Amino acid sequence: MAEQISIEIDGRTCEAAAGEMIIAVADREGIPIPRFCYHEKLSIAANCRMCLVEAEAGGRPFPKPVPACATPVAEGMKVQTRSAKALDAQRGTMEFLLINHPLDCPICDQGGECELQDVSMGYGEDVSRFSERKRVVKDEDLGPLIATDMTRCIHCTRCVRFGAEIAGVRELGATGRGEDMRIGTYVESAVAHELSGNVIDLCPVGALTSKPYRFTARAWELTSEEGIAPHDAVGSNLYLHIRGEQVMRVHPRDNEPVNETWISDRDRFSYEGLSSDTRLTEPLRKRADGTWEALDWQAALHLTADVLRGSDPDQIGWLMAPNATLEEAYLAQRLLRGLGGRHIDTRLRRQDFRGDRADPAVPWLGLPIAELERQQAVLVVGSDIRQEQPLLAHRLRKAVLDDAAVSFLNPYELALTHPARQLTAPPGRLSVRLAAVARALSASAEGAAGSLISGAQPAEAETRLAEELRAAGEQGRGLVLLGALAEADPDYTLLKELAYLVADAAGCRLGFLPVAANSVGAALAGAAPHLGPGAQALEAPGLDALAMITEPRQTYVLWGLSPELDLFDPSRAREALAGAAQVIGCSAFRTPDLEAACDILLPIAAFAETSGTFVNAEGRWQRFQGAVPPAGDARPGWKVLRVLGNILELDGFHYSSGKQVHDELAALCAQTRGGGAQVCDGGTQPDNARRGDYGLKQPLPAPDGLMRVGNVPIYAGDQTVRAAPALQHTPLAEPLALHLHPDTAAGLGLADGDAAEVAQGERHTVVPVVIDDAVAPGAARVPAAVPGSGVLGPAMGPIAVAKADASQLAATQMLGGQPA
Amino acid sequence: MSFRTAPLAVVHDVDKSTLLTPELRAEIDRHVGKYPPEWKQSAVMPALTLVQEHNGGWLTQDLMDQVAAYLDMPEVAVYEVATFYAMYDLEPVGRHKICVCNSISCMLGGAEALLEHVEARHGVAPGETSKDGKFTLKEFECLGACRHAPVVMVDQEYHECVTRDGIDKIISKLD
């Protein structure tokens, strides 16, 4: 802790740390100082000069007004923010800033919430002394998310510094000089970064505004509701800005331990999906001829109850999206188990469930999110972290900037914005490289892990990585993380066992990157085949998400998911659903695959339309209220389940509020201590220790052919984000394609831009080839969850590739991804 | 947050030995050696100067990108420098550059009249190149020789207290 000193601002005595800037002390004390370029999360530029104040140190006044953002405090310093000299300097700066500003507030989207407008109300003059021509700056196209109006720019360079320091991609810059200076990319290129939307908030004027929101509302027409982001496991805190019954835009809500002051573009722009015309707005029943008939809720719920009551409980498979709320997950498993059923799961993109018995009950991050940036060495196994968890990637980047060593073990090299060691191996072979790290740490084990370790030969990269982990482990600042690509791996259980061995041998902590907003919550709620509420282990586990498909059931409930895009093996899922007697779809969206699969469709409320709770990666319970009414006749999911429970005459379904459901589960969790309610409120904390031995005898046989890597691109992960048009037009929204390492491609006689037929068993389609040396040799990256991927098989598994004719490619694309 | 510390290097995915020419790389390395290793990008100005001379007096985007790659800098950071300083040209130039200082002393000393004279007599406005490709006329930021305003820099050579006749003579002597 820096030395504490005391200074005086406007006659008020303030405590400050030596070296702090005047503006930081004033902000803490609530003393307003106008500013444009200063931002507490960015480096100091001191180029707007708006924060000029009068100061004296050691009894001697500074000869000129000083910028409060760039003047460190000293003992006994006296600062005047409102003296005649200070105000005169601030007014002067304001006049200069307004010389070239167009003052087009009536047609500017920022009008009414503009820092320049606010400050000019205080410091500007009514009449300008400037009669010359104002400068005009040509706009650049920064892509589908950010609208530009660069004539309004006042050159604060916050966006430039955000790019360089936070995003880690220096794409924007200030080119030219004086009158000709402008902010832009110089070469026009769409800004492709998963956090790019934050420059909209940072821009103090209307130069950078939100393109999807543009010209749709005025700030003073909006009301603001608090919300929690429904995509990744960070659970970013949001403000939903609402007009009437519509979410008009989303802004971040500061919460330092969770999302600091940022949100990802996915959290910011996915609200567009709420007003998509693919919303399911009324209960529907499929007639015998395949057409749909609208029902009223009463009839629909009774029909659903009849289906559930009439089914053999063991024949009901309940597949639930991992971003369903805690209340929905809890009531769903209560309802199913009340009927005598056992098969419920939210771990939809996984194939290897052998570890369920030994896994920690609630696999979670293993440490508070904010502590990520204080790690000294981190090994991330199987995670495209920028795509999966943008803000956790940002925390790791901060750790790297603070000299941490971060390493990745993945089926393909990631595009990162910081130095990192990247090891790659195709799916099924990641365990071999991880075993080499374990060997370098002299870990030993029995069974499959043991045989892999004793056969491993650590190369230099693995040895160095092991040393880093051990050194960090001794400081208590080492971490091993397992992500979504590991979770989808055919040998996930072995990967987990090895990760535990590595973490134990190096003295590091082990953490999981939960896939979705409520993956941790689903485990706590007991929406898993092997867990009851409170994450209590069950003696007789039901079928997991994949087994429900490979051992087809007679009745399915699909909750908040699209079977062709959200399940591990869409083709087998389609077959299983087609063979079922009854499929009930509860969804906020009406997608072709749901229509094909379901017999009854119940419209449930989407994100922002329902109250609920998400438990994020660090185990933080974040409860939120519905901010807008659900679309059409849709109803909040927990209410649908409550009424179903009542119709089915199950005990204890007479909840009067969602909060009551939440409290019931929280009490259960406190009792079992299984998951630990309210981790961050000083309650119990789950640990990530294994409950048992994984007991694997043999590693899976090495794949003899190509292995598909079906990663989930950032804007493909759930129904809401897939329905958000602006995000789908960004460069990060990947189309279906085959990405191959140049050597792999050469072996197959394929070149960039060729057409290739990819086949998994009987299922095949034609896709374009992309040569990409980031992909591990022997792996074929064909993304999952993107349009057209539903015709394929397992997201991670063997795949056959053959050259195809370009005309087939055109035909496939015309048919929307269906094979010609 | 503190003042900015050394910038994070952006390592480009290229083989540096394919960039520019071996002679240029050696020259740039000499300048890089003057700075601490983490401040390698401080050599960007001499590097751009060298590259510009080698390219007949102007910089292409490709050359700037190569400098960025060679010094582990983001491309836009090089564009910022190259667009800021008047001595870098981003479009083709004539065989010589005539730079007329436009800052306060020279302006008061008649620099504007010189520019008007060249435009009237030789048909070349500031920023333009003569039709025969002999010279490019540039309005330049302060040349730092205010005592003998107006000042004109022809390539690397300063001419002080320049009159209209004087600038005609200078132009006529150019090859």
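This is a predicted model: local features need pLDDT of at least 70, side-chain atom pairs count only at pLDDT 80 or more; totals for chains, interfaces and linings use all residues.
Local features are described where pLDDT is at least 70, and side-chain atom pairs count only at pLDDT 80 or more, whereas totals for chains, interfaces and linings use all residues. Residues are numbered from 1 along each chain as its sequence is written, chains are lettered from A and ligands numbered from 1 in the order in which they are written, and side-chain values use heavy atoms, with hydrogens and water left out.

Chain B has seven helices and four strands; helices (H or I, at least four residues) and strands (E, at least two) are DSSP runs, numbered from the N terminus. Read from the N terminus, the order of its elements is α-α-α-α-β-α-α-β-β-β-α. Along the principal axes, the C-alpha atoms of chain B fill a box of roughly 50 × 40 × 25 Å. Of the 175 residues in this chain, 45% are buried, where buried means under 20% relative accessible area, exposed over 50%, and partly exposed in between (1.4 Å probe, protein chains only). Among contacts in chain B (heavy atoms within 4.5 Å) with a separation of 6 or more, 65% are between residues 24 or more positions apart.

One helix pair of chain B can be followed in detail. The axes of helix H2 (residues 44–54) of chain B and helix H4 (residues 75–84) of chain B come within 11 Å and cross at roughly 70°. Such axes are lines fitted to C-alpha atoms, for helices over the stretch in contact, and angles run from 0 to 180 degrees between N-to-C directions. H2(B) is therefore roughly perpendicular to H4(B); angles under 35 degrees count as roughly parallel, over 145 as roughly antiparallel, 65 to 115 as roughly perpendicular and the rest as oblique. At the contact, Val44(B), Met45(B) and Leu48(B) of H2(B) meet Val78(B), Val81(B) and Ala82(B) of H4(B). The residues of this contact comprise six nonpolar, no polar and no charged, with Ala, Val, Leu, Ile, Met, Phe, Trp, Tyr, Cys and Pro counted as nonpolar, Asp, Glu, Lys and Arg as charged, and the others, Gly among them, as polar. Elsewhere in chain B, a cis peptide bond with omega of about -10° joins Ala149(B) and Pro150(B). Pro150(B) belongs to the loop between strand S2 (135–140) and strand S3 (152–154) of chain B.

The interior is described next through its nonpolar cores, each a set of buried Ala, Val, Leu, Ile, Met, Phe, Trp, Tyr and Cys residues joined through side-chain atoms within 4.5 Å. The largest nonpolar core has 162 residues, of which Phe36(A), Phe162(A), Trp318(A), Leu319(A), Leu365(A) and Tyr556(A) touch the most other members. Helix H8 (residues 326–338) of chain A gives the most to this core, with seven residues. A second, separate core of 42 residues includes Ala358(A), Leu409(A), Leu441(A) and Tyr492(A). Leaving aside residues up to four places away in sequence, Phe162(A) touches Leu42(A), Ala167(A), Gly168(A), Leu195(A), Asn198(A), Val199(A), Leu202(A) and Trp262(A).

Helix H21 (residues 637–647) of chain A is mostly covered, with eight of its 11 residues buried. Its buried residues include Trp638(A), Leu641(A), Arg642(A) and Ile647(A). The buried residues of H21(A) pack against several elements of chain A, among them helix H7 (297–310), H8 and helix H22 (658–672). After H21(A) comes Glu649(A), with a positive phi near 55°.

Strand S32 (residues 755–760) of chain A is likewise mostly covered, five of its six residues being buried. S32(A) runs antiparallel to strand S33 (residues 763–771) of chain A, to which six bridges join it; strands pair if DSSP finds at least two bridges between them. Pro768(A) in S33(A) is the bridge partner of Ala755(A). The hairpin of S32(A) and S33(A) has two residues between the strands, and Gly761(A) takes a positive phi near 65° there. Five bridges join S32(A) to strand S36 (residues 800–804) of chain A, also antiparallel, and Ala756(A) stands opposite Lys803(A) in S36(A).

Thr157(A), in the loop between strand S7 (146–148) and helix H4 (158–167) of chain A, has a positive phi of about 65° although it is not a glycine. Thr157(A) is buried because its relative accessible area is 12%. Ala535(A), also not a glycine, has a positive phi near 60° and is buried, with a relative accessible area of 5%. By contrast, Ala540(A) counts as partly exposed, at 48% relative accessibility.
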